[in-house]
Amino acid sequence: MVSCNIEKLESELNEVYNEFYSEDNEKITLSFCEKERFYYTVNCDDMHREYDYEKVCGDELIKKRYIKRYAKLSLYLFLSEKTHKNLPWGALTGIRPTKLYYQNITDADYFFKDLMKVSDKKYEIVKKIAGAQADYYKPSDSSADFFVGIPMCPTRCQYCSFISAEISKVSVVNEYIEALCYEIEQSKKLCKNIRSVYIGGGTPVSLPVPYLKKVLDAIGTVNTEYTVEAGRPDCITEEVLRLLKDYNVTRVCVNPQTFKDETLKLIGRNHNSQQVIEKYRLAKSFGFDVNMDLIAGLPLETYDDFCLSLQKAVSLAPDNITVHTLCLKKGSKLKELCSRLPEGEVEKMIDYAYETLTKAGYSPYYLYRQKYMAGNLENTGYALKGKECIYNIDVMEEISQNVACGANAVSKRIFGSGERIERYGSPKDLPTYIAKIENIVQKKQELFS
């Protein structure tokens with residue numbers, strides 16, 4: 001474990017440590033000193049190293065950001081030398097590598113490869129994503145994306161750490177929908193130039209049709225990219241798809257996660273792979289663009305299992321395929337069963353996905369990373385040309401206001417085209433959200449006023 005003379009940094013420094021060690025079997029100290037440069041000293045019983053970097057002056061928040069960045073970089077360099085191990089993303093630990101690319105675009109090669117030690121392979125993906133985003137990357141303080149959250153599902157997946165609950169066990173569905181629709185009506189007034197609408201979850205289509213229609217009515221008909229998480233094939237029906245079409249929804253998500261039936265049962269999903277295929281084809285028959293998700297590193301799945309799932313997805317030719325690396329997060333049942341994921345196999349899966357999808361005509365167009373990912377890897381969205389999802393780009397790059405409704409929804413207001421961001425998060429607990437809906441609406445109005 002790592003101790004530091006800046007106590008607030010210890011949590012993030014130990015995240016770097018955990019990428020190299022599975023147990024707290026090393027005691028490491030990191031000390032920061034500011035003089036004419038930023039100086040860092042890293043020590044353990046058998047090793048001592050010193051690192052220094054150009055001092056960043058000016059804005060205090062920016063200065064703190066660089067102190068933290070260089071602290072993590074120093075620890076990474078120390079541990080990489082000590083263990084003879086390099087991570088694919090080097091010293092980068094943030095969620096949005098592509099955002100860093102835009103921030104350092106004039107010297108991106110130096111920043112990613114020389115300074116942060118990102119592998120050539122991962123850096124190439126970042127550059128390809130920036131190229132794929134060229135037609136959509138339009139930072140603006142006046143544009144907005146509109147999000148509506150339905151935190152309910154037919155069942156709870158073992159890997160899920162979201163607040164989503166099994167809808168059959170939710171006693172306040174009616175009250176939640178009433179509060180949500182009120183929030184939607186009030187929040188629409190806060191949007192000017194809407195780039196996209198996204199109804200996520202959970203599984204929004206797990207709602208009984210009358211409740212889903214209420215939500216769609218509250219949003220109204222829009223003439224922009226409009227996505228609904230249809231997610232679970234066992235919730236997708238002709239009636240639901242026809243309803244979505246009536247409200248100008250343009251895109252739905254049909255998410256198999258895997259095409260191996262044994263795994264689907266193991267992770268708690270009430271459908272099989274054949275149902276995925278059937279409901280995907282049904283959605284395409286209505287003319288929807290379709291997003292599809294797969295997960296690398298699911299329990300008991302081998303490299304060959306993942307390859308077969310990916311091949312099946314490619315054969316269906318959805319408009320988007322997002323390949324996720326499984327995360328073991330607190331709050332998931334899977335976290336209780338195992339504490340660390342195998343790295344080598346999952347990295348092979350992610351590499352295979354990139355090679356296979358790019359050969360099949362897909363391009364990576366958005367990417368994000370999370371804590372507790374196997375092998376320090378990433379989630380990458382791939383799309384056919386012209387089928388990129390604007391909402392995914394805007395949210396990952398934080399280049400547009402995000403007006404978010406629902407329990408646990410986080411609204412973001414950007415200033416200076418993303419230079420500064422202010423957030424407001426609604427309560428996670430459904431009864432609390434319902435009880436505080438007037439206050440939630442007021443807080444959002446203050447944020448966007």
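User: What should be kept in mind about the numbering and the model before reading the values?
Analyst: Residues are numbered from 1 along each chain as its sequence is written, and side-chain values use heavy atoms, with hydrogens and water left out. The model is predicted, so that local features need pLDDT of at least 70 and side-chain atom pairs count only at pLDDT 80 or more, while totals for chains, interfaces and linings use all residues.

User: What makes the radius of gyration of the protein agree or disagree with that of a compact globule?
Analyst: The radius is taken over C-alpha atoms, and the globule rule is 2.2 Å times the number of residues to the power 0.38. For 449 residues a compact globule would have a radius near 22 Å, and the protein has 23 Å, which agrees. Along its principal axes the C-alpha trace spans about 65 × 50 × 40 Å.

User: Why is the pair of Tyr53 and Tyr70 called stacked?
Analyst: Rings of Phe, Tyr and Trp (its six-membered ring) pair if their centres lie within 6.5 Å, and planes under 30 degrees apart count as stacked, over 60 as edge-to-face and the rest as tilted. By this rule the count comes to 21 aromatic pairs. The centres of the Tyr53 and Tyr70 rings are 4.4 Å apart and their planes stand at 5°, so the pair is stacked.

User: Which parts does the pair of Tyr53 and Tyr70 tie together?
Analyst: Helices (H or I, at least four residues) and strands (E, at least two) are DSSP runs, numbered from the N terminus. Tyr53 lies in strand β4 (residues 47-54) and Tyr70 in helix α2 (residues 60-83), so the pair ties together parts that are 17 residues apart in sequence. Ring pairs also link Tyr53 and Tyr70 into a cluster with Phe32, Phe38, Tyr40 and Tyr66.

User: Why is the pair of Tyr365 and Tyr366 described as edge-to-face?
Analyst: Their ring centres are 4.9 Å apart and their planes stand at 65°, so the pair is edge-to-face.

User: How do you know whether Ile199 is buried or exposed?
Analyst: Buried means under 20% relative accessible area, exposed over 50%, and partly exposed in between (1.4 Å probe, protein chains only). Ile199 has a relative accessible area of 0% and is therefore buried. Ile199 lies in strand β8 (residues 193-201), and, with contact meaning heavy atoms within 4.5 Å, Ile199 touches residues including Val148, Leu216, Ile219 and Tyr226, not counting residues up to four places away in sequence. In the protein, 57% of the 449 residues count as buried.

User: What makes strand β11 mostly covered?
Analyst: In β11 (residues 289-296), eight of the eight residues are buried. Asp289, Asn291, Asp293 and Ile295 point one way, Val290, Met292, Leu294 and Ala296 point the other way, and all are buried.

User: How do you know which strands pair with β11?
Analyst: Two strands pair if DSSP finds at least two bridges between them. Strand β10 (residues 251-254) and β11 pair in the parallel sense over three bridges, with Val290 as the bridge partner of Val252. Six bridges join β11 to strand β12 (residues 320-325), which run parallel, and Asp293 stands opposite Thr322 in β12.

User: What places the charged end of Arg420 over the ring of Phe415?
Analyst: A charge sits over a ring if NZ of Lys or CZ of Arg is within 6 Å of the ring centre and within 35 degrees of the ring normal. The charged end of Arg420 sits over the Phe415 ring, 4.0 Å from its centre, and that of Lys348 sits over the Tyr303 ring, 4.4 Å from its centre.
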